[in-house]
Amino acid sequence: MKKTILSILLLPILFLCSCDNDDDVVFIGATQTIQLNSVADPNISGTAKFIENEDGSTTVELQLTGTPSGGMHPAHIHFNTAAEGGGIAVTLGTVNGDTGFSTATFSELDNDTNVTFEDMLVFDGYINVHLSDSELTTIVAQGDIGQNVLTGASTVYSLNELDVTGISGTATFYERANGEALAVLDIANTPVDGMHPAHIHMGSVATAPGDILFTFDPVDGNTGMSMTNVSELDDETPFGYSDVLTVDGYINVHLSAADLATIVAQGDIGIN
């Protein structure tokens, strides 16, 4: 499951523009296609196609593969990044499990705020497709949209074994279109049911300990994974993808919130 998530993070975003000047042909504006990644079921994934309409409204066509026959899967655009989570911005069409398809057209958010296709290209949001109306907490497909899409640039840092034998991993930072980053910690052999706090500290491993600069979402011991949006340091100083490349810092992953002194994985980042 971990590797499935990581392998799809960098699938390309397609952007096409086919504006037609022939008045006899139905208007087809710009389109943008976003990848929807597997979440609860590795067999379900797909795309969300954003289509510009002549009146400035937006049509979103969802096309999933692997959906169970007879299933009906509600879908929404949410505020913020998928890593952060957020409330519903737009209710999309319900995906028919037999076809894997849904379509919805809108010119307003659910709160009645006007929104155009151009607005959606830079929208701070993500899409969730849910298992059913009665199981909204189970996400079958998900993808960041607008300013949160990934550019394809990434940097990987090694997190080495330290106080606990056999635990090590990587920290990968993916650049977003808005200059922020998605941080993915992937730690092998974490204890089941454990939750492992992780931070960027000031300085290098050689000069540790250093003050905490940034706090990641804890690593889930069941999956060994943590996904965090990176936009500012803990003191609210702006901090994005380019800053990750030049920071004087290192990462610690700790055994637990109650045992921060035990470091299970550690590695230098940035200029170190």
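User: In this predicted model, does Asp-144 count as buried or exposed?
Analyst: The model is predicted, so that local features need pLDDT of at least 70, side-chain atom pairs count only at pLDDT 80 or more, and totals for chains, interfaces and linings use all residues. Residues are numbered from 1 along each chain as its sequence is written, and side-chain values use heavy atoms, with hydrogens and water left out. Buried means under 20% relative accessible area, exposed over 50%, and partly exposed in between, with a 1.4 Å probe and protein chains only. Because the relative accessibility of Asp-144 is 17%, the residue counts as buried.

User: Which residue forms a salt bridge with Asp-144?
Analyst: Side chains of opposite charge can pair when their charged atoms come close. A salt bridge is taken as a side-chain nitrogen of Lys or Arg within 4 Å of a carboxyl oxygen of Asp or Glu, and the structure holds 1 such bridge. With the closest N and O atoms 3.0 Å apart, the partner of Asp-144 is Arg-176.

User: How many residues apart are Asp-144 and Arg-176?
Analyst: Arg-176 is buried, with a relative accessible area of 0%. Strands (E, at least two residues) and helices (H or I, at least four) are DSSP runs numbered from the N terminus. The salt bridge between Asp-144 and Arg-176 links distant parts of the chain, from strand S11 (residues 135-146) to strand S13 (residues 168-176), the two residues being 32 residues apart.

User: What separates the C-alpha atoms of Ile-127 and Asp-144?
Analyst: Ile-127 lies in strand S10 (residues 124-132) and counts as buried at 0% relative accessibility. Ile-127 and Asp-144 are 17 residues apart along the chain, and their C-alpha atoms are separated by 6.3 Å.

User: Which backbone nitrogen does the side chain of Tyr-250 reach?
Analyst: Tyr-250 belongs to strand S20 (residues 248-256) and is buried, with a relative accessible area of 1%. The C-alpha atoms of Tyr-250 and Val-205, 45 residues apart along the chain, are separated by 6.2 Å. At 2.9 Å, the side chain of Tyr-250 reaches the backbone nitrogen of Gly-210.

User: Which side chain does a polar contact join to that of His-76?
Analyst: His-76 is found in strand S6 (residues 75-79) and is buried, its relative accessible area being 9%. A polar contact is a pair of N or O atoms within 3.5 Å; within protein, one must be able to donate a hydrogen and the other to accept it, and residues adjacent in sequence count only if both atoms are side-chain atoms. Here the contact is 3.1 Å, and the side chain joined to that of His-76 belongs to His-130.
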